[in-house]
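Subject: Structure handover and findings

Hello,

Please find the sequence and structure below. My notes on what was found follow after them.

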There are 2 protein chains.
Amino acid sequence: MDATTKINIPESDLPRIVIVGGGFGGLKLARKLSRSAYQVVLIDKNNYHQFQPLFYQVAMAGLEPSSIVFPFRKLFQGKKNVYIRVTEVTRVDPAAKRIHTPFGHCNYDHLIVATGADTNFFGNANIAEFAIPMKSVSEALYLRNNILDDYEDALTTPGYDSRQELVDIVIVGGGPTGVELAGSLAEMKKHVLPKDYPELNIAAEVDIYLIQSGGELLKGFSAGSSAKALRYLTDMGVKVLLDSRVTDFDGHIVSLQDGRKIPTQKVIWAAGIKGAPIPGLPETALTFGNRLAVDPYLRLAGVDNIYAIGDVAYLEEAAFPKGHPQVAQVAIQMGDRLARNFARSLDGKDWEPFHYRDKGSMATVGRARAVVDLLRPEFHFGGIMAWLVWLLVHLFAILGTRNKLFVFVNWVANYINYNQSLRLIIRPTFRKGSDGVGGPRSPDISG
Amino acid sequence: MDATTKINIPESDLPRIVIVGGGFGGLKLARKLSRSAYQVVLIDKNNYHQFQPLFYQVAMAGLEPSSIVFPFRKLFQGKKNVYIRVTEVTRVDPAAKRIHTPFGHCNYDHLIVATGADTNFFGNANIAEFAIPMKSVSEALYLRNNILDDYEDALTTPGYDSRQELVDIVIVGGGPTGVELAGSLAEMKKHVLPKDYPELNIAAEVDIYLIQSGGELLKGFSAGSSAKALRYLTDMGVKVLLDSRVTDFDGHIVSLQDGRKIPTQKVIWAAGIKGAPIPGLPETALTFGNRLAVDPYLRLAGVDNIYAIGDVAYLEEAAFPKGHPQVAQVAIQMGDRLARNFARSLDGKDWEPFHYRDKGSMATVGRARAVVDLLRPEFHFGGIMAWLVWLLVHLFAILGTRNKLFVFVNWVANYINYNQSLRLIIRPTFRKGSDGVGGPRSPDISG
């Protein structure tokens, strides 16, 4: 290993494991290796871990971003073998065992690619430019600001037709994110907007569309849960369009495959993701969905000491012939398996292969309306029991006691008064004309 | 009045009171006039009221912005005579009794200027460009992000000298904001930074400067409180420079009048404010500090039916020969007085003049360290009692039960573990290349 690495990680005799990405998988791995006989370098674009399953509640002004994210430095206080760097990884050089960042390079003994997935716009440049994705808490906050801004604008827009594109909202993608967003928008339409905007005829003017390319919602869930989610949403007034596809969006009009046009400025794109690997990895490693093919030990073929876990990894098992679903549980279990295997190495033991244990799936549609599949698809249930299970599971999964408490209080308050308090359009000021807007930190200072 | 107003306020038979600015004064007035026989139009750049006394805790990652701001629409739900518009007022036309906004104009019967104050850089363009003000929750959030970013950068910056400008912080202005900021930075330096950044030698490297042009801190407080604040800060390791002035700042080096240079990228400017009146008001109304001179009924001279309250208003009383201090209490009492006078008009009664009742001043320096002046300057006290009084008064002044609870929980948690959880660099994504960055909403949609 080099005597110096420009991103200033101290030399040590311990083997260095560099983890790129502090999502569910990368974080699990880093936490299990803290206080181990490895030097762990965790690199992420943000200084916090994000709890993705609740992004939609941030977008709906039901929760604050700070309640569902957690600073890495606080998690690793006192863990002397863990080094955190907040930056992007621009390239990996497998031959030199080195990654590059805008702040300098860093050598590794083992590299774990836990970079997750990006929004997949399927090559449509217009949609990529104008639609709103929801793959980060920053994007969720952007969506919140955008919805609130547009309702304010609607007040000063006299004509019914010109108001339509401000007040209507189109969600593309009938997976859990799309379903949960549609459900909470429907509740906002019913309970919050009429009180906030008595000058608008909310019931008559506001339409919420959910567009799904397949014939059912919640693909991968049991048929019973899919049907139940559809019935819930329809009951709540969401216009669900099945077997329907968005072909274009120019920022004002959505075009569907059947020729239909919907005027709206807000298209929320939850229709697909693709793996987000690091440049410099061998082309041959890339497979379906831009994911990295790994063997049962989560290793990439053709390179030494590089591993992939989570949404960016692709592994087939007998029960998952098309690879695992890109969900938190898979990432967590992969991070756990890899950490155990690194620990086994220290004890001179052989590695064990990864097997995914499916604990089930769940999605919430609204107050007292959720669907849960346990030991899928043998057992599923819905309604208020499913909703309570959903609340509990998510509450316990959130990092930090304070966060759990704040989320709980917000949920109780919102349940009692149907009235999120967080309808605030807050943007940090930007000065000095430079600081990265939503992107990675500006590399100009010490690059 | 015109048959139509472009910002879409419905016609009514009630006299229309337009309030520009929803700070302490404007909000008090609007709330007291809700459900009255006036039509009230409240215009603000933001869709929320900001609780300015706690901005510094947002900057220090101790509180979330959402805990100290409150959405106007939620405050006025069910108040059918109150109309809220989120926009800027670009100009007033006193002859036509009309204000102009990017969204169109609006006529008024009575206009209340409650636009508050802006940061005063005293004409220094360099300081205005590079220093960080703290007059909005957005600016506080910017400061937070900036401090955290710079500590992350310091980790990848090898030389001691080049790190200095990243880790040192200079606060200019020894009023309550400067004192409170310096105190909490000193606590962060002692309790949080060493745990978050064990790789940096925080105690040796980080310096916090507080620069005050006069010979004492907390001007306007009792001499005892001023001395106590100075002693507290010195004990906590803050480098307080009295009788000192900043003459220039280029983004990397602060120059003082005595020739001293301090390397830092962060200069927090809490050294002065100036009134922020609306363009179009008569020049003759402007007086000291860019404020609007009003008579004891808070009316501007030379124009009809225009009033000013709060930081932007200037009124001399026997006890305040140089005008009232620009603090929340004055604004609240002015809003209250004006609301009562409008109510008296409805009853055919004469108006009563404004008199300020000074309830005292307080500032907190750190844990169990605060100063309180009651019935100034007759009675003052400090220490833990003053700190508890400060906490209680501020807790009760914050709008909203949920906000009170969240602030309280955060305070208790921070007290117990010295460890703010909100050290998060979160920025909403900006897309479509257009939306106003920290500024007023973009007028392109319905302007």
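**Surface patch**

Phe408(A), Val412(A), Tyr415(A) and Ile416(A) make a nonpolar surface patch of about 390 Å². Patches are built from residues with over 30% relative accessible area and no salt bridge; like charges are joined within 9 Å, and nonpolar side chains (Val, Leu, Ile, Met, Phe, Trp, Tyr) within 5 Å. Accessible areas are Shrake-Rupley values with a 1.4 Å probe, and for residues only the protein chains shown count as cover. Phe408(A) belongs to helix 13 (residues 401-417) of chain A. Helices (H or I, at least four residues) and strands (E, at least two) are DSSP runs, numbered from the N terminus. With a relative accessibility of 44%, Phe408(A) is classed as partly exposed; buried means under 20% relative accessible area, exposed over 50%, and partly exposed in between (1.4 Å probe, protein chains only).

**Conventions**

This is a predicted model: local features need pLDDT of at least 70 and side-chain atom pairs count only at pLDDT 80 or more, while totals for chains, interfaces and linings use all residues. Residues are numbered from 1 along each chain as its sequence is written, chains are lettered from A and ligands numbered from 1 in the order in which they are written, and side-chain values use heavy atoms, leaving out hydrogens and water.

**Salt bridges**

The count over all chains is 24 salt bridges, each being a side-chain nitrogen of Lys or Arg within 4 Å of a carboxyl oxygen of Asp or Glu.

Glu152(A) pairs with Arg73(B), with 2.7 Å between the closest N and O atoms. This pair crosses between chains, from helix 6 (residues 137-155) of chain A to helix 4 (residues 72-75) of chain B. Glu152(A) is buried at 2% relative accessible area, and Arg73(B) is buried at 7%.

Glu199(A) forms a salt bridge with Arg85(B), the closest N and O atoms being 2.6 Å apart. Glu199(A) sits in the loop between helix 8 (176-196) and helix 9 (202-205) of chain A, and Arg85(B) in strand 5 (residues 82-86) of chain B, so this pair joins two chains. Glu199(A) is partly exposed at 30%, whereas Arg85(B) is buried at 2%.

Within chain A, Asp207(A) forms a salt bridge with Lys239(A), with closest N and O atoms 3.4 Å apart. Asp207(A) is in the loop between helix 9 and strand 13 (208-211) and Lys239(A) in strand 14, so the pair ties together parts that are 32 residues apart in sequence. Asp207(A) is buried at 15% relative accessibility; Lys239(A) is partly exposed at 36%. Lys32(A), Asp336(A) and Arg340(A) are joined into one network by salt bridges that share partners.

**Sheet in chain A**

An open sheet of 5 strands in chain A has the order 11-18-12-13-14, with parallel pairing. Strand 11 (132-133) and strand 14 (239-241) are at the edges with a single partner strand each, so one side of each has no neighbour in the sheet. Strands pair if DSSP finds at least two bridges between them; strand 11 and strand 18 (residues 266-269) are joined by 2 bridges. Ile132(A) has Ile268(A) in strand 18 as its bridge partner.

**Helix 7 of chain B**

Helix 7 (residues 160-167) of chain B has Arg163(B), Gln164(B), Glu165(B), Leu166(B) and Val167(B) as its buried residues. Their cover includes helix 6 (137-155), strand 12 (169-172) and helix 9 (202-205) of chain B, where contact means heavy atoms within 4.5 Å.

Regards
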